[in-house]
Amino acid sequence: MSRSHQFNLLTNHKLANKSKSLNLRLLSLALCGLTSSLAIATPTAHANRLETFVYDLTDSRIEFSVKNDIEPKGTVISNPTRIVIDLPGIVYQGPTVRRRVGKGVQAVRVGQVDANTTRMVVEFSPEVKLNPQDLRLKSRQPGRWTMQLPQNISAIDLNSVSNFTLPITGAAISSGFGWRVHPITGERKLHKGVDFAAPTGTPIFAAADGVVTYSGWTDDGYGNVVELRHENGELTLYAHTNKVYVSKGQVINKGQAIAEVGSTGRSTGPHLHFEIQPDGRTAVDPMDYLQLRQVTLDLASNSFKD
């Protein structure tokens, strides 16, 4: 049975007397229960909103920002371990979003609890145990909050070994792996990869050493594609590219530029669609193979609607 431990967010914000130098809020932890159901509600016009939600794996830190300052309400839930942060008065204008992270922090999720509350959830692996009294939410300026997690959590992922590296730098994930309603056709369809939103011309790099098995235009909606075959028969696919820099049969090194971001084929905007097929045929969630250093949900731009 799950147990929850709620941190009551106590702040000296009301005692600051409008002094920016006193705008530091430390939040302590107490016990309480919390309902964990997630439902989407219709946002109200001009409502306060959640702008960004970031998990920095290297520093083992959660950060989020809101348009106007609020007092979050946090809870630690066990079996499995989760951190739940509710934002009263915050309307998130989009569907519930869940992003895979790694082994220590397995996923982060954002959704709407009711018409006036947004909920953020950080999901941990079963072996991770958290002491609620070790966790503190801090706000050093209005609307910007951070929480430091134990460093041993990030070490679980930083010490793991992966054959694949990120195929693009500085890009936000705009759509994850899994079933979704296709933004163009309107049909429910399996999204076989991860989309990284980035400006046209952004370099795309090989996720691992390999050989080019295909390079050029396809008629299946992927537009310009590069396909690499790797050791043990693994395959990676890079779709919707504006330009490709490599040709069939070329030997490629991990981290080598192979193409640039575009919006060719069936696409609603410039991004990289990236797939991993371990057996060379069946696509799986790339987030199970990639080592991330940071997961950023750019919620203010509503980039996760597609």
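Gly 74 is buried, since its relative accessible area is 0%; "buried" here means under 20%, "exposed" over 50% and "partly exposed" in between, using a 1.4 Å probe on protein chains only. Gly 74 sits in strand β5, residues 73–77. Strands are DSSP runs of E with at least two residues, numbered from the N terminus. The C-alpha atoms of Gly 74 and Leu 137 are 8.5 Å apart, although 63 residues separate the two along the chain.

A quick word on the model: it is predicted, so local features need pLDDT of at least 70 and side-chain atom pairs need 80 or more, while totals for chains, interfaces and linings use all residues. Residues are numbered from 1 along each chain as its sequence is written, and side-chain values use heavy atoms, with hydrogens and water left out.

Now for the cores. A nonpolar core is a set of buried Ala, Val, Leu, Ile, Met, Phe, Trp, Tyr and Cys residues joined through side-chain atoms within 4.5 Å. Nonpolar side chains tend to be buried together in soluble globular proteins. Here are the two cores:

| Core | Size | Residues named |
|---|---|---|
| Largest nonpolar core | 58 residues | Most contacts inside it: Phe 53, Ile 83, Leu 149 and Ile 258 |

What about Thr 264? You'll find Thr 264 in the loop between β22 (257–260) and β23 (271–277). Thr 264 counts as buried because its relative accessibility is 17%. A polar atom of the Thr 264 side chain lies 3.0 Å from the backbone oxygen of Thr 241. Leaving aside neighbours within four places in sequence, Thr 264 is in contact (heavy atoms within 4.5 Å) with Trp 217, Gly 221, Tyr 222, Gly 223, Asn 224, His 240 and Thr 241.

Strand β22 also belongs to an open, antiparallel sheet of three strands, in the order β16-β22-β20. Strands pair if DSSP finds at least two bridges between them. β16 (203–205) and β20 (243–244) are the edge strands, each pairing on one side only. Between β16 and β22 there are three bridges, and Ile 204 stands opposite Ala 259 in β22.

Finally, the largest pocket. A pocket is an open set of points on a 1 Å grid over the protein atoms alone, where a 1.4 Å probe fits, with protein on both sides within 12 Å along at least five of seven lines; lining residues have an atom within 4 Å of a point. This one is lined by 25 residues, and Arg 180, His 182, His 191, Asp 195 and His 240 lie nearest its centre. β14 gives the largest share of the lining, three residues.

Definitions and conventions:
Helix = DSSP H or I, 4+ residues; strand = E, 2+ residues; numbered from the N terminus. Polar contact = N/O pair within 3.5 Å; in protein donor to acceptor, adjacent residues only side chain to side chain.
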